Each structure stands twice: as structure tokens, then as C-alpha cells.
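Let us work through this model by question and answer. Keep the structure in view as you read.

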Amino acid sequence: MRKFRNFTTIVALTFVAAWISGCAGCASPPEPQSMSPTEGPETGGTTVRISGDKFDMKNGVVVTFDGKAGTNVNVPSETEITAVTPAGAAGQSAAVVVTNNSKPEEPVTLGQKFVYTDATPPNITASEPSDGTIIAEYDDSLKVNVAVSITFDENVDSQSGAIAVQVEPTPDSMSQESGPVLGNIGGSDNMVTFVSDAPMRAGRQYSVTVSGVTDTAGNAMSEPYSFSFTIASPEKVNRYHVRKGDTLPTIAARPEVYDNDKLWPRLVEANQDDYDFDRDRIYEGQWLWVPRGTAWGD
């Protein structure tokens, strides 16, 4: 009978030893319940507070965001954790998992997810015309149609920024016109456009500066972007073939004539002896002499 009692005691002690070495004193899994805030920039660095229960103050916890470990994890109490988010991707909804470092390690996923917001400013990938473009082909030197557009690497608010356009004469132009160019800004998706109020002219360089444009998340360009293009001067003519709608001032204003509408009296003086010339009635298809040189004050 004594032997049986000893055997029973040994068996009981064996179970006790197994319990002590196995699950005795094991911590309960964490019970995360809520998190604040639930969103932050894609660059990371957001400090979140996770509330719940049974967080391991002694051994600490691990907090991951879609498998990437948070940093600076603190457990000030069994009901609170703070952690700093790692970097993510804009628009990513990351699963948040909390694991006590004590045994057994039982990861528990929070019901809320952390959403990464866009924190990257928009960048310009192309412009039209591209920087340094020389436009040499056009039908009308007084009305050169140039579509100015700027393309970004993401969708932007076309009305959020500014486009400043300046015009200057080219070295071979006869005019000294310079100053701002007025126009309208438009666009959609990832493109911003500029349409000038008045037609662009040959013999001019146009400089464009884009600034302050924001993406749909409100991130603004980090710095202004500038480019320029040139509309080449046409060859100067000694005779001009009158177009429909021309007047002597508009003819004189043409870059291939005088590039100056105030010089139209020269045309009268040079052509007044032509039997077919009437200063008050010029017509389409008529040829006019275009005098120039030192004798004319050039």
C-alpha cells in the first residue's frame, strides 16, 4: 500500500513539474481593442496609441504594420501601447498585429487598420514644348498656336498653383517687346495647361515658371519649375503678299516686315507711286514693296 502511495506521489509530482515547465505562469495573449490615430503619412513616423488589455509590461510587445515592425514601442500599462509607424505606401491599409514577448507568443490582429496617406509632393515629368524647343514652322507669324502643357507624375489640382509666362525678343527680332503674357490656366488629371489671351508671335522667346501646384492630397510642389521655348523669326521680306483682312498697321507689325505696327507709313511712301496702290483700300493678293536699310533709318 505504501508503494502505491509513493507511485501516486511520483506521478503527481511529474504532472506538476510538467505544468511548471510548460504553461505554468504563461501570459495571456494581448487584447488590443482600438488605435488612435488610424492614419498617417507614407513616410512613417506617426506615433499611435493602442488601447486594450493584457499587454506585457515586463517583457514588452512587438507591433507590426503589414509585417513591418513599429519602432519606439512602449508599454506604460497593461492597457496601453505606443508605437511609431514604419514607412508604407500611399493608400495602403496596413494590418496592425500585437504580440506579447512572453511565452507563448500569440499574435493578435487589431480590428482597425492603419491607412498611409500621400505625403509626396507632385513632380513634373514633362513639358510641352520641352525646354529649349525652337519652333520654326508656322503659317502665320502673328498667330503662332502653341499648346503649353505641364505633365506631373500624379493627378493634381490645376487651379491650385500659378503659371507665369514672360515674353522677350530673340536676338534676331526687330522688336524689343518684353513683359508678362496673360492667359488662362486649365487642365485635368495629371496635366496643367496654359492658353495665352493673345496669339503668340514669331521672333519671341517665352519663359514659363510653374509653382505651387498641389496634388489631390494637398501636397504642393517642393520648388518652382521653369522652361522656355523660342518661336524663330521668319526671314525678312522685301515684298509682301497681302492676306485677307490685312491692314497697313498689321502688315507692318509682322516680324517678317517691320515687327512694328507704327512703321506702316513706310509702306505708303514706298508704294504710293504704284498705279494700283490706294492706302485706304488694299486687297488680298496685292504685292507691296517693303523698304528697309539705312536710308529708312534702320
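Q: Is Arg-254 buried or exposed?
A: This is a predicted model. A residue counts as buried when its relative accessible area is under 20%. Arg-254 has a relative accessible area of 4%, so Arg-254 is buried.

Q: Where does Arg-254 lie, and which side chain makes a polar contact with the side chain of Arg-254?
A: Arg-254 sits in the loop between α2 and α3. Its side chain has a polar contact at 2.9 Å. The partner is the side chain of Tyr-240.

Q: Which residues does Arg-254 touch, not counting residues up to four places away in sequence?
A: Close sequence neighbours are set aside here, up to four places away. What remains is Asp-140, Ser-141, Leu-142, Tyr-240, Arg-243, Asp-246 and Asp-259.

Q: Which elements do the buried residues of α3 pack against?
A: Helix α3 covers residues 264–271. Its buried residues are Arg-266, Leu-267, Val-268 and Asn-271. They pack against α2 (248–253) and β22 (287–289).

Q: How much space lies in the largest cavity?
A: The structure holds one cavity of 30 Å³ or more. Among the residues that line the largest cavity are Asp-172, Met-174, Lys-236 and Asp-259. The space in the largest cavity is about 50 Å³.

Q: Which strands are the edge strands of the open sheet?
A: Five strands form this sheet, in the order β11-β20-β18-β14-β15, with mixed pairing. An edge strand pairs on one side only. That picks out β11 (133–135) and β15 (179–180).

Q: Which residue in β15 stands opposite Gln-166?
A: Strand β14 covers residues 162–169. Two bridges join β14 to β15, and the two strands run antiparallel. Opposite Gln-166 stands Pro-180.

Q: Is Thr-133 buried, exposed or partly exposed?
A: Thr-133 lies in strand β11. Buried needs a relative accessible area under 20%, and exposed needs over 50%. The value for Thr-133 is 23%, so Thr-133 is partly exposed.

Q: What separation do the C-alpha atoms of Thr-133 and Phe-229 have?
A: Thr-133 touches Ser-228, Phe-229 and Thr-230, leaving out residues up to four places away in sequence. Thr-133 and Phe-229 are 96 residues apart along the chain. Yet the separation of their C-alpha atoms is 4.8 Å.

Q: Which residue has its backbone oxygen 2.8 Å from a polar atom of the side chain of Thr-133?
A: The side chain of Thr-133 supplies one polar atom of this pair. The other atom is a backbone oxygen, 2.8 Å away. That oxygen belongs to Ser-130.

Q: Which residues touch the most other members of the largest nonpolar core?
A: This core has 24 residues. Elements that give two or more residues to it are β12 (148–152), β14, β17 (191–196), β18 (204–211) and β20 (225–231). Another core, of 16 residues, lies apart from it and includes Met-35 and Phe-55. In the largest core, the residues with the most such contacts are Phe-152, Val-210 and Phe-229.

Q: Is Thr-82 buried or exposed?
A: Thr-82 is in strand β7 (residues 80–84). Beyond four places in sequence, its contacts are Thr-47, Val-48, Asn-72, Val-73 and Asn-74. The cut-off for buried is under 20%. Thr-82 has 19% relative accessibility, so Thr-82 counts as buried.

Note on methods
Residues numbered from 1 in each chain as written. Predicted model: local features only at pLDDT ≥ 70, side-chain atom pairs only at ≥ 80, totals over all residues. Heavy atoms only, no water. Pairing = 2+ DSSP bridges. Helix = DSSP H or I, 4+ residues; strand = E, 2+ residues; numbered from the N terminus. Buried < 20%, exposed > 50% of the residue type's maximum accessible area, 1.4 Å probe, protein only. Contact = heavy atoms within 4.5 Å. Polar contact = N/O pair within 3.5 Å; in protein donor to acceptor, adjacent residues only side chain to side chain. Core = buried A, V, L, I, M, F, W, Y, C linked by side-chain atoms within 4.5 Å. 1 Å grid on protein atoms, 1.4 Å probe; cavity = no way out; pocket = protein on both sides within 12 Å on 5 of 7 lines; lining within 4 Å. Points joined across faces, edges and corners; volume = space filled by probe spheres on them.
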